[in-house]
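Me: I am new to this structure. Can you walk me through how to read its features?

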Protein chains: 2
Amino acid sequence: MNSNQLFEQIQKKRSFLCVGLDTDMEKIPSHLKELEDPIFEFNKQIVDATQKYTVAYKPNIAFYEAHGVKGWESLQKTAEYIKKNYPEQFLIADAKRGDIGNTSKMYAKTFFEIMNFDSVTVAPYMGEDSVTPFLSYKNKWVILLGLTSNVGADDFQFSGNPPLYQQVIKKAQYWASPDELMFVAGATRAIMLGEIRKLAPDNFLLVPGVGAQGGSLAEVADYGMNSKCGLLVNSSRGIIYADSSENFAVVAGQKALELRDEMDQLLNRFCK
Amino acid sequence: MNSNQLFEQIQKKRSFLCVGLDTDMEKIPSHLKELEDPIFEFNKQIVDATQKYTVAYKPNIAFYEAHGVKGWESLQKTAEYIKKNYPEQFLIADAKRGDIGNTSKMYAKTFFEIMNFDSVTVAPYMGEDSVTPFLSYKNKWVILLGLTSNVGADDFQFSGNPPLYQQVIKKAQYWASPDELMFVAGATRAIMLGEIRKLAPDNFLLVPGVGAQGGSLAEVADYGMNSKCGLLVNSSRGIIYADSSENFAVVAGQKALELRDEMDQLLNRFCK
């Protein structure tokens with residue numbers, strides 16, 4: 001999927017919502033826990049109920065790994081289910097990988113060949129040769145950490161002049177085109193989204209931190225949107241754990257619809 | 001395992017060698033490929049042949065993930081095999097993980113509960129709250145990326161004043177004691193190991209890049225050793241792929257023995 005195709009989906013759905021599948025056995029409704037693969041079943045129902053209002057899904061790989069082999073089975077089934085039934089959805093492996101070249105190549109193989117994700121989140125600390133192996137796949141994307149939404153972002157990301165996160169965003173644009181490179185840009189610092197947008201006018205930004213982490217959607221759109229939307233806004237806990245009864249998927253769908261409606265208005269305002 | 005116990009092993013074995021299990025289906029001897037789990041069988045034979053001369057093993061998680069569910073099975077079996085048969089070996093998950101708190105907590109669960117590794121390599125970009133969840137386990141270690149051995153290290157790790165890698169090494173020592181925190185320090189820049197040793201006098205350093213990547217063991221010891229050795233030097237390809245015949249494990253053992261003998265001399269010289 002290239003950026004024009006992604007923008008087409010955003011226009012069609014009137015949404016730039018990404019649903020984060022941070023699926024946690026301790027938080028899923030109890031009636032699912034007796035099934036053979038509760039995590040996959042939960043994901044399937046969440047996806048079926050929300051897909052009309054979303055353009056992307058983002059399984060958080062840590063939550064699957066934490067169940068060992070069984071967790072990887074759930075992850076693989078989830079990715080296959082989404083790609084088979086909703087091939088128009090942009091699929092993000094939130095993995096924060098990055099290592100020396102021969103190792104990043106293996107991670108790229110995992111997510112792009114074994115599992116057919118469209119993109120992987122990558123940590124920039126190890127530099128260009130830790131990122132480029134992910135870029136050798138056509139129509140696949142790197143989503144590079146720029147400015148993250150957590151408290152610890154202050155430890156190193158603002159270090160230097162210009163601050164490290166800006167150096168990352170500038171330099172990475174020499175490595176890849178806006179058709180294969182997005183940046184993670186935390187919503188808890190909406191004003192800095194404006195800075196990032198200036199440095200990367202054409203790149204999509206993946207924005208976590210709306211909802212449970214406290215960021216405002218309207219501010220994100222105000223500071224971060226470009227003429228082709230240029231945003232994927234992620235919500236995880238606010239949607240998938242909005243309800244813990246047997247009705248969880250319906251409520252997740254309603255929450256996604258609410259965000260979609262707000263996004264529809266923001267698209268009308270900022271991105272005609 | 002704490003740092004004294006690790007040093008005891010180093011004294012006993014006269015070795016500070018870590019063998020990297022970057023096990024690649026394309027590189028393992030062809031006679032193994034017909035077995036049910038060639039990767040595990042390869043690792044088992046490598047470990048059996050080298051364990052007398054090593055104090056640590058470091059499976060590179062990417063190489064297992066790249067085979068999906070089956071790869072995770074091989075990884076889990078490898079970790080179990082080492083811990084069951086050679087519990088004195090220090091087991092490193094070379095995973096370069098790191099994410100917001102609730103997600104790092106899941107990665108910690110994966111490697112410390114599901115798989116009983118002693119340590120995980122962690123990327124520092126997201127700061128303190130991405131690292132501390134790994135530190136809530138007693139006698140488990142974080143091995144934080146300081147200065148890496150790849151070309152891309154130059155992109156960001158030298159940025160700022162002091163350079164980013166030094167900021168990371170300084171700041172992280174406020175988060176954890178030298179009994180739970182090591183740093184990755186690339187051997188391709190031996191002279192900088194001296195700088196790192198000054199900043200972190202008591203921490204173990206995990207040194208990749210000796211062998212295939214070109215670093216010199218004597219230089220590493222000269223610049224990096226402290227009174228309790230303070231070094232784990234990794235070799236992967238130079239040992240595990242030294243021979244591709246049915247004799248591969250014997251040759252791997254010989255290569256490990258050669259390094260052990262060199263390490264023995266260096267321990268005598270620098271760390272009595």
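**A loop proline, then the two chains**

Reply: Start in a loop. Pro162(B) sits between helix H7 (153-156) and helix H8 (164-172) of chain B. Helices (H or I, at least four residues) and strands (E, at least two) are DSSP runs, numbered from the N terminus. This is a predicted model, in which local features need pLDDT of at least 70, side-chain atom pairs count only at pLDDT 80 or more, and totals for chains, interfaces and linings use all residues. Residues are numbered from 1 along each chain as its sequence is written, while chains are lettered from A and ligands numbered from 1 in the order in which they are written.

Me: What kind of peptide bond joins Asn161(B) and Pro162(B)?

Reply: The bond is cis, with omega about 0°. In chain A, a cis peptide bond joins Asn161(A) and Pro162(A), again with omega about 0°. Pro162(A) lies in the loop between H7 and H8 of chain A.

Me: Which residue other than glycine has a positive phi near 70°?

Reply: That is Cys229(B). Look for it in the loop between helix H10 (217-224) and strand E8 (231-235) of chain B. Asn116(B) is not a glycine either, and has a positive phi of about 60°. Its place is the loop between helix H5 (101-114) and strand E4 (119-122) of chain B.

Me: Is Cys229(B) buried or exposed?

Reply: Count neighbours. A residue is buried if 20 or more other C-beta atoms lie within 10 Å of its own, exposed if 12 or fewer, and partly exposed in between; C-beta atoms are placed from the backbone. Cys229(B) has 26 C-beta neighbours inside 10 Å, so it counts as buried. Asn116(B) has 16 inside 10 Å, so it counts as partly exposed.

Me: Which residues of helix H10 (residues 217-224) of chain A are buried?

Reply: Leu217(A), Val220(A), Ala221(A), Tyr223(A) and Gly224(A) are buried there. The buried residues of H10(A) pack against strand E6 (181-185), helix H9 (190-199), strand E7 (205-207), strand E8 (231-235) and H12 of chain A.

Me: At what angle do H2(A) and H4(A) pack?

Reply: First, the method. Axes are lines fitted to C-alpha atoms, for helices over the stretch in contact, and angles run from 0 to 180 degrees between N-to-C directions. Angles under 35 degrees count as roughly parallel, over 145 as roughly antiparallel, 65 to 115 as roughly perpendicular and the rest as oblique. H2(A) and H4(A) pack at about 25°, with axes 9 Å apart. That makes H2(A) roughly parallel to H4(A).

Me: Which residues meet in that pair?

Reply: Two residues are in contact if their C-beta atoms, placed from the backbone, lie within 7 Å. From H2(A) come Ile39(A), Phe40(A), Asn43(A), Lys44(A) and Val47(A). They meet Ser74(A), Lys77(A), Thr78(A), Tyr81(A) and Ile82(A) in H4(A).

Me: How do helix H2 (residues 38-50) and helix H12 (residues 248-270) of chain A cross?

Reply: Their axes come within 8 Å and cross at roughly 40°. H2(A) and H12(A) are therefore oblique to each other. Residues that meet include Gln45(A) and Ile46(A) in H2(A), and Ala249(A) and Val250(A) in H12(A).

Me: How many residues does each chain bring to the contact between chains?

Reply: Chain A gives 45 residues and chain B gives 45 residues. On the side of chain A that touches chain B, H5(A) supplies the largest share, seven residues. That side divides into 19 nonpolar, 15 polar and eleven charged residues. Here Ala, Val, Leu, Ile, Met, Phe, Trp, Tyr, Cys and Pro count as nonpolar, Asp, Glu, Lys and Arg as charged, and the others, Gly among them, as polar.

Me: How does H4(A) lie against H4(B)?

Reply: The axes of H4(A) and helix H4 (residues 68-85) of chain B come within 9 Å and cross at roughly 170°. That makes H4(A) roughly antiparallel to H4(B). Among the contact residues are Trp72(A) of H4(A) and Trp72(B) of H4(B).

Me: What rotation superposes chain A on chain B?

Reply: Two copies of a chain are related by a rotation about an axis and a shift along it. Here the rotation is 180°, with 0.0 Å of shift along its axis and RMSD 0.0 Å. That is the relation of a two-fold axis. Copies are superposed by least squares on the C-alpha atoms of residues with pLDDT of at least 70 in both. In chain A, the C-alpha nearest the axis belongs to Gly160(A), 2.2 Å from it.
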